[in-house]
Amino acid sequence: MLYFTGCLLLPFGETIGHWLGDIGESEVPVINNTVAIDPGTDWILSRSTTKSSVHYRWAIVFTILGTILLDFCADSSQAPSMAYLLDVSLPEDHGQACSTYSLLSGIGGCIGYLIGAIDWDGTILGELLGGNINTVFILVTIIFVLCLTVTLCSFREIPLALMERDELLQPLTERIIAKERQHRTTERQLLPVKDLADSLVLQLNSEYEQPNGHHHVTMNGHTENEPLLGNGSTSHTTKDFLKTTFRIPSALGVLCATNLFCWMSHISYSLYFTDFVGEKVFGGDPMANSDSDEYALYIEGVRYGCFGMAIYSMASSTYSYTIERLIRRFRARTVYCGGLLIDFLGMMYMASFPNKVTVYVFSVTGGIVSALLFTMPYIILAKYHAKGWLDASSETSAPQPRRGLASDISLIGSMLFVAQIILSLSMGPLVTLTGTTASVIYTASVCSLMAALCASQIQYLDL
């Protein structure tokens, strides 16, 4: 609902502003300080000109509110969806799951950018819906509603009560944990953690271990088939959970730093690319009057840039489709570092030689970074949890609760927001200082280089 509201506020913010008293862009007469004497009379004539007056007080408020809602909904859904994706797939399928996620993201981005690249003002649909911007966002809203409907109706979740009654559908319960512990005690050995399910079993076991070292599962009066989640008390408090979450192991810290620089590179390119094309390549001016040639050139450049972004999205989908096979052939370190170095060179060349050809050709390298963002960190993180690596690499000798996969996915995903804050505070002053929008592409190039250096220090285990 919030996303739907944002899709309406963003294009119709100017209309709502007019309803609330905004004047908009208008021409008002302004008297110059210069004077002229008419040779035929004694009158002193003042020369008058016109000056553009802009008044968009309420429109700015509603447009910003719509942007915040869209950004919040899009960003806040990424970590839960990725956590759910990894949770319902087998460890050996995590690479394919992340690749499919990135593949579909690229396809969706390609469709969106192509919609934005079309000049709807000259079409029947554009005239019907009220202009170019309105048409773009209404079409995006329709696509969103259709996809949401398919998502909600395509798969019916199994009710928890049914899962508890059917042994084949049961999640981890106290009975299953007790059976697993008895099996391990009989075997007289602790089996290695081979997948996420085993890792979760160990986590739940550790929560029910007694302080004196005797290992047994306490039933607390529950029936044999009652789920462990039904137990209202846990051995760890919220404070313990937060301490565990923010006590970041060094291996996870390097992965977070790599993802931070990847996001900074990706955001610098994707958010400011159309401005770069409109101003630097086409020579337009976004601050010019809406009826001027400079503004028309800027809009033409933005549409041209949207086609470049569509190419970037197609490249992201294509690379996502092959990334699992590339990892098997060249190893994860080579794929991760190599892709980022390719983007470093591509963005550097695009910023140094801006023209209509380079913005298309080197948009492909931006697609490589996008594919890496939605695959590599999560594949590596899932491997860490499957191997129990983050718990084994804990720098403290005191016993600590096991780290949760979902919380670590959220930690990795939060680097997006950190990157947005850093770039929001720095991009404006940087463009003002350098006097050119090419500086944002140079920033993307430098961030890709820093991400490649960080990626070279990641522990890849057997990937």
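Author: The model is a predicted one, and the residue to start from is Ser 292, which sits in the loop between helix H11 (250-281) and helix H12 (293-330). Although Ser 292 is in a loop, it counts as buried, because its relative accessibility of 17% falls under the 20% cut-off. The side chain of Ser 292 has polar contacts in two places: one of its polar atoms lies 2.6 Å from the backbone oxygen of Asn 289, and the side chain also reaches the backbone nitrogen of Tyr 295 at 3.3 Å.

For a view of the surface, one can turn to Trp 19, which belongs to helix H1 (residues 2-19) and is exposed, because its relative accessible area of 68% is over the 50% limit. Together with Leu 20, Trp 58 and Val 61, Trp 19 makes a nonpolar surface patch of about 470 Å².

As for the whole chain, it has 20 helices and two strands, and of its 463 residues 40% are buried. Its accessible surface comes to about 25600 Å², with 64% of that area belonging to carbon and sulfur atoms. Among the contacts that link residues at least 6 apart in sequence, 74% join residues at least 24 apart.

Notes:
Residues numbered from 1 in each chain as written. Predicted model: local features only at pLDDT ≥ 70, side-chain atom pairs only at ≥ 80, totals over all residues. Heavy atoms only, no water. Helix = DSSP H or I, 4+ residues; strand = E, 2+ residues; numbered from the N terminus. Buried < 20%, exposed > 50% of the residue type's maximum accessible area, 1.4 Å probe, protein only. Polar contact = N/O pair within 3.5 Å; in protein donor to acceptor, adjacent residues only side chain to side chain. Patch = residues over 30% accessible without salt bridge, like charges linked within 9 Å, V, L, I, M, F, W, Y side chains within 5 Å. Areas by Shrake-Rupley, 256 points an atom, 1.4 Å probe, with all protein chains shown as cover. Salt bridge = Lys/Arg side-chain N within 4 Å of Asp/Glu carboxyl O. Contact = heavy atoms within 4.5 Å.
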